[in-house]
Amino acid sequence: MAGTAVALILLFLAMGQWWPRDSAWMLTAAAGWALLAVAALCWAISAVYTIGYRRSWSWWQCTWPVVAVLGTAVALVVVPPEFADARPEFDAAAMRVLNSGEPPGRGGLRIGRFEVGGVYVRSGDAYFVDARNTMFTLEQGWVYSADGPPGLPAGDYERLGGHWYRYQRSLDM
């Protein structure tokens, strides 16, 4: 029944804390649902075997479906963090970084429910690297740019309102 645990973890990641941009979340959600289906099939086969051949029933056979249903419900209810909820804290951090010139690369911050893996200033803009969604050669995060769109030419920027943008850029090796 380890498959159930893996399926629930993948489902939790897909629908809860890890929320990739665009349609990338569908792959993780599909993998979670597929593993959950395989675990359900394994449970059904073992239940039929136990009832049919051993002619017995035990309370423990109900635990896996209950755990799976509860885990799925929790995964669907968990709401990913919203930038707007943590905006005042991001504003204060951006002002602190831009005014005091904190050292580049400072990481390990928690702003609201977000984990910030690094903070740096480029072209007068404060970049906050999202620790959960930055992987390998892809950097994602938020940028505070008071002078309009951010100064780094490489990357995709999405306006969040005010001076804030969500960015995604490829890191050159």
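**View 1. Helix H4 lies across strands E1, E2, E3, E4, E5 and E6.** H4 runs at about 125 degrees to E3. Axes are lines fitted to C-alpha atoms, for helices over the stretch in contact, and angles run from 0 to 180 degrees between N-to-C directions. Helices (H or I, at least four residues) and strands (E, at least two) are DSSP runs numbered from the N terminus. The model is predicted: local features need pLDDT of at least 70, side-chain atom pairs count only at pLDDT 80 or more, and totals for chains, interfaces and linings use all residues. Residues are numbered from 1 along each chain as its sequence is written, and side-chain values use heavy atoms, with hydrogens and water left out.

**View 2. Helix H4 has a buried side and a face turned away from it.** H4 covers residues 87-100, 14 residues in total. From first C-alpha to last, H4 reaches 20 Å, close to the 20 Å expected at 1.5 Å a residue. The expected span is 1.5 Å times one less than the number of residues. Phe90, Ala93, Ala94 and Val97 are the buried residues of H4. They cover an arc of only 100 degrees around the axis, which puts them on the same side of H4. The arc is that of the directions from the helix axis to the C-beta atoms. An α-helix has 3.6 residues a turn, so residues three or four places apart point the same way. Exposed Pro88 and Asn99 sit on the face turned away from the buried side. Buried means under 20% relative accessible area, exposed over 50%, and partly exposed in between (1.4 Å probe, protein chains only).

**View 3. Six strands form an open sheet.** Their order is E1-E2-E3-E4-E6-E5, with antiparallel pairing. Two strands pair if DSSP finds at least two bridges between them. E1 and E5 (156-161) stand at the edges, each with a single partner strand, so one side of each lacks a neighbour in the sheet. The twist averages 35 degrees from one strand to the next.

**View 4. Strand E4 is largely enclosed by the rest of the structure.** In E4, 6 of the 7 residues are buried. Antiparallel E3 and E4 are joined by 4 bridges. Tyr127 stands opposite Val143 in E4. Between E4 and E6, also antiparallel, there are 7 bridges. Glu139 stands opposite Arg169 in E6.

View 5. Glu158 has Arg166 in E6 as its bridge partner.

**View 6. Thr50 is a buried residue of helix H2.** H2 spans residues 25-53. Thr50 counts as buried at 7% relative accessibility. Leaving out residues up to four places away in sequence, Thr50 touches Arg55, Ser56 and Gln61. Contact means heavy atoms within 4.5 Å.

**View 7. The whole protein has 4 helices and 6 strands.** Along the sequence, the pattern is α-α-α-α-β-β-β-β-β-β. Of its 173 residues, 32% count as buried. Among contacts with a separation of 6 or more, 51% join residues 24 or more positions apart. The accessible surface is about 10,100 Å², and 66% of it belongs to carbon and sulfur atoms. Areas come from the Shrake-Rupley method with a 1.4 Å probe; for residues, only the protein chains shown count as cover.
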